[in-house]
Structure formats: C-alpha cells, structure tokens
Amino acid sequence: MYMDTIVTVEVVGPPGERVFRSRTAAAFSWFAEVERRCSRFDPDSEVMRLCSKWGEPVLVSDLVYRCIEFALAVADATEGAFDPTLGGIMEAKGFNVNYLTGEKISSNSATRRKPCYRDVVLDPVARTITLVAPLTLDLGAVAKGFAIDLAVRELAPFRNYVINAGGDIWAAGSNERGEPWHIGIRDSRHSESVASMLLVSDAAVCTSGGYERPRDDGENGHHIIESITTQSPTGSLSATVIGPSAMVADALSTAAFVLGPDKGIAFLSAQHVEGIITGPSLRHHCTPGFARWEFR
Ligand code: AMP
Ligand code: MG
C-alpha cells in the first residue's frame, strides 16, 4: 500500500521469478520514494519543507522539481482550474489526516488571499523553487502517475505487464493471450459494473472520480475541487484519460474532471490525448478518437 492505494504489478512471460522479484521491488520503491518526498501529510517531506520556507529560493531534488514543473504546466494550460497550490484548502476541508499514522496535520498556510499556481516560481537553471506567498502544495493529482512512470523504467526487462495503482494503470505489451490488455472503466455510480472496456497496449489509463474519496466531515463534496469556487465540481462524475505517460494521464484526468464535460473534452483534444467524461446524468462525453480504444 502506497499513497493510500493498493499497487499491484502483473507480468506475463520471461525473464522469470528471480528478475520479477528484484525488478518489482525496485518498482515499488519508487512509490515509497515519491510519497516520501511529495507528501502533504508529512511535515518532513521535501515538499512540505519547501512550503515552510516561502519567500526564498529552495534547491529541490530533480524528482520534486519535475513533479511541480509538470503540475504548473497543467495549471497554466487550464488557466488555473487545475491548481497544485490548493493544499491549504484541501486541509481545511478535512483532507488533513495522514493515512499511515492517523495524525492530523496542520500546515499553517493560512493567508489573506487564496494562493494560486503563479505564486510558485521555478528557476530552471538553479533548479530552485520559490513560493512567493505562504501556501501548501498538493501534488495529489500528479504524484501517483509520476511514481507509475518511474516504476515502468524498472520493469524494462519485461515486455508484457500491467501496473495498477488504485485504478491508475500503465499497460505494457500484451496479455497472456497476446492481445492488448483489457482495461475496464468503472461505472461512476455502480462500482461493481464496468462502463466501458478499453484495449490498451503501451499506454496509461487514469481515472478521476468524485466517488473515490468523499469528505468525511459530513459536508457535500469530495477530494477534487474547482480552484475558483473551492467547491467540488458538479459537472462530472468521473473522467478517464488514455495518455502516453501515467503522469500525463493522471494530471489530465483530474484537470478534465474539474473542467467538466464541455471544456474538459475540448481541453483533452487540444492536449492530444483521448478521454471520456461522465456527466451527472451518466451521459458519456468522449474525445473524437476515444472509440478507437474501446472494445465493442
Ligand atoms: P486524482 O485522484 O488523480 O484525480 O487526484 C485527486 C487529488 O488531486 C486530490 O486528492 C487532491 O490532492 C488534488 N486536487 C484536487 N483538486 C485539484 C485541483 N483543482 N487541481 C489540482 N489538484 C487537485
Ligand atoms: Mg488524476
């Protein structure tokens, strides 16, 4: 269990048990490493130490730099609908418990105005990051995908495998029958049924669903929020993206969810990925090329 989700690796074919053990151990260690560096729930994580030093340039690891750089690019592309500086707001909404220790965190990033992704300034030469306002970074929409991509590199000796991190998937090569992997997209309302079946090879499939983590303080809403209203969007029940890397699919599924069916589908098309957004009446909105991936 990493990042509050179960991570599995399934491999088909050679080179055998011993390599399988060592490579999957290396793959899993990336989930631990990304979590250790990026967690919002650990005051000692690299990201939270960066947040505690706002106002000054902070030298960060390549891993943290790349994660934040990508999250900011998605924020820019969505004009801030996707915004990795919403950590303080997530915390205030009750998403403030470390799932491993049960401890409540309090990052003290209270500020007179709502922070925004433009408050995070990168220096690509010095590899430093400066937070120009007090804020708490939340990399929850990109970190898992990034960890999957790092794990994929460790599994290079295998051609055919699937990494599944709580429904966010990288499917390499083919299944035991030599066909593309069959990846089911869960029905937004009935978790036992499958809304659509995809045939996937060498691509990531990531889903953002409002059903995943409801607020546990009794208020309406869930773990994805729209940055301007700071409320959970009501236009989407779920969004799934097929992408060339898991970090891309992970972040863009969250972005598409926040944007809602109309803007979300236009956004995914502009980003050259395929995806499907389920609206509140269970209507499916798809990018033009999505059907090519569907098993019918
Ligand atoms: P995912 O499950 O990949 O859709 O990511 C959901 C996570 O993304 C949440 O748990 C938050 O950590 C984070 N998040 C929520 N709302 C936003 C948003 N508007 N922009 C960026 N990240 C968000
Ligand atoms: Mg996501």
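Predicted model: local features only at pLDDT ≥ 70, side-chain atom pairs only at ≥ 80, totals over all residues.

By cavity I mean, on a 1 Å grid over the protein atoms alone, a set of points where a 1.4 Å probe fits but cannot get out; lining residues have an atom within 4 Å of a point. Residues are numbered from 1 along each chain as its sequence is written, ligands are numbered from 1 in the order in which they are written, and side-chain values use heavy atoms, with hydrogens and water left out.

Which strands each supply at least two residues of its lining? They are β7 (181-186), β8 (194-200) and β11 (274-278), strands being DSSP E runs of at least two residues and helices H or I runs of at least four, numbered from the N terminus. Among the lining residues are Ile-185, Arg-186, Ala-195 and His-284.

β7 and β8 pair in the antiparallel sense over 6 bridges; pairing takes at least two DSSP bridges. Gly-184 stands opposite Met-197 in β8.

Now the metal. The magnesium ion (ligand 2) is coordinated by Asp-250 (O), Asp-250 (OD) and Thr-254 (OG1), at 2.2 to 2.3 Å. Donors here are N, O and S atoms within 2.8 Å of the metal (3.2 Å for Na, K and Ca), and water is not among the atoms, so sites may look incomplete. Asp-250 and Thr-254 are 4 residues apart in helix α6 (residues 246-259), so about one helical turn separates them.

Technical notes
1 Å grid on protein atoms, 1.4 Å probe; cavity = no way out; pocket = protein on both sides within 12 Å on 5 of 7 lines; lining within 4 Å.
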